[in-house]
Amino acid sequence: MPQLFPTNPSATMVIRHVTPDIVTMSLPFSRFGRLQFGGRGTLVKLATGSLAVFSPVTLTPEVRETVESLGGNVKYIAAPDIEHHLHLTPWKQAYPEAEILAPEGLYEKRQSNPDFQDTPFSHVFKKGDQLPRSISKEFDAEFDSEYVYGHGSRELVFLHKPTRTVIEADLLFNLPAKEQYSQSSEAPTNFLTRLIMPLMSTKPPATWQRRFAWYILSAQDRAAFTESIKRIDQWDFDRLIPCHGDTIETGSKGVFRDVMAWHLDQKNR
């Protein structure tokens, strides 16, 4: 199996307070061991003191210290799609009271790996769920969610309403992954990464990522994907934290609309 994450995550991870209550944990990640996408987990402290972690990364001593500095009460662990799940079990073992949020199909996928088997899921997002979905009173008070089941990886996208921050995995990319490789001896772009960079760049007019979203990401069910994009577009957000590439600190609504322009076009293509 190709090396996805660095063997020394403590040395290469960047832990950063995006806001007083949001912390990102960024580190190198290579898709197929070759494409330098970068990886990122996000911790959010709710007003109640509970913590939610999205796309959890390696639970290093430094990450544990960060969790403790935020009160230590990890209540929610979110796998934002069927690919971003490798560290769910260590987090659940460390914080057994936490509830796992995940899309349908992921639990079944994990049963083939003895290291992942039987880790319980508390909230499974399904295609036929009644909207709006509800997780708990405290979670619903701060987060909106969208299950983009038309995406090939079955994306869960979250809006942290108090900070107008969208947290997502593979819906929108923002390469190069400068922050995620900033503590690594590797440059954020090797030859292969540079070749696919246009597909994952938000640089205006983001034509190639727009095509990528239309022809690849939404190919499984374009109509459902489009409906999800239109619902997300109704959210009030300014910051976007992707798993792959740099955080868009402000102006992300415009970036989102640029990348998803063909889905937001009422005429469609």
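Here are some friendly questions and answers about the predicted model shown above.

Me: What kind of model is this, and how are its residues numbered?
Reply: This is a predicted model, where local features need pLDDT of at least 70, side-chain atom pairs count only at pLDDT 80 or more, and totals for chains, interfaces and linings use all residues. Side-chain values use heavy atoms, leaving out hydrogens and water, and residues are numbered from 1 along each chain as its sequence is written.

Me: Let's start with a helix. Which residues of α2 are buried?
Reply: Helices (H or I, at least four residues) and strands (E, at least two) are DSSP runs, numbered from the N terminus. Buried means under 20% relative accessible area, exposed over 50%, and partly exposed in between, with a 1.4 Å probe and protein chains only. In α2, which covers residues 61-69, the buried ones are Val63, Thr66 and Val67.

Me: Which exposed residues sit on the face of α2 turned away from its buried side, and what covers the buried residues?
Reply: The face turned away carries the exposed residues Pro61, Glu65, Glu68 and Ser69. What covers the buried residues includes β1 (14-19), β2 (22-27), β5 (39-45), β6 (51-54), β7 (74-78) and α3 (88-94).

Me: Which residues have the most contacts inside the largest nonpolar core?
Reply: A nonpolar core is a set of buried Ala, Val, Leu, Ile, Met, Phe, Trp, Tyr and Cys residues joined through side-chain atoms within 4.5 Å. In soluble globular proteins, nonpolar side chains tend to be buried together. The largest core here has 57 residues, and those with the most contacts inside it are Val74, Trp91, Leu171 and Met260.

Me: Leaving aside its neighbours within four places in sequence, which residues is Val74 in contact with?
Reply: Contact means heavy atoms within 4.5 Å. Beyond those sequence neighbours, Val74 is in contact with Leu51, Val53, Val67, Trp91, Tyr95 and Ala98.

Me: What is the volume of the largest pocket, and which residues lie nearest its centre?
Reply: On a 1 Å grid over the protein atoms alone, a pocket is an open set of points where a 1.4 Å probe fits, with protein on both sides within 12 Å along at least five of seven lines; lining residues have an atom within 4 Å of a point. A volume is the space filled by probe spheres set on the points, and grid points are joined across faces, edges and corners. The largest pocket has a volume of about 640 Å³. Of its 32 lining residues, those nearest the centre are Arg31, Glu83, His84, Asp170 and His244.

Me: How do the lining residues of the largest pocket divide by class?
Reply: Ala, Val, Leu, Ile, Met, Phe, Trp, Tyr, Cys and Pro count as nonpolar, Asp, Glu, Lys and Arg as charged, and the others, Gly among them, as polar. The lining divides into 18 nonpolar, 9 polar and 5 charged.

Me: Which element gives the most to the lining of the second largest pocket?
Reply: About 230 Å³ of space lies in this pocket. Both α5 (137-142) and β10 (143-148) supply at least two residues of its lining. With 4 residues, the one that gives the most is β10.

Me: Is Ser55, with its positive phi, buried or exposed?
Reply: The phi of Ser55 is near 50°, a positive value in a residue other than glycine. Ser55 lies in the loop between β6 and α2. At a relative accessible area of 7%, Ser55 is buried.

Me: What separates the C-alpha atoms of His85 and Leu106?
Reply: His85 is in the loop between β7 and α3, and its contacts include Leu106. These two residues are 21 residues apart along the chain, and their C-alpha atoms are separated by 8.3 Å.
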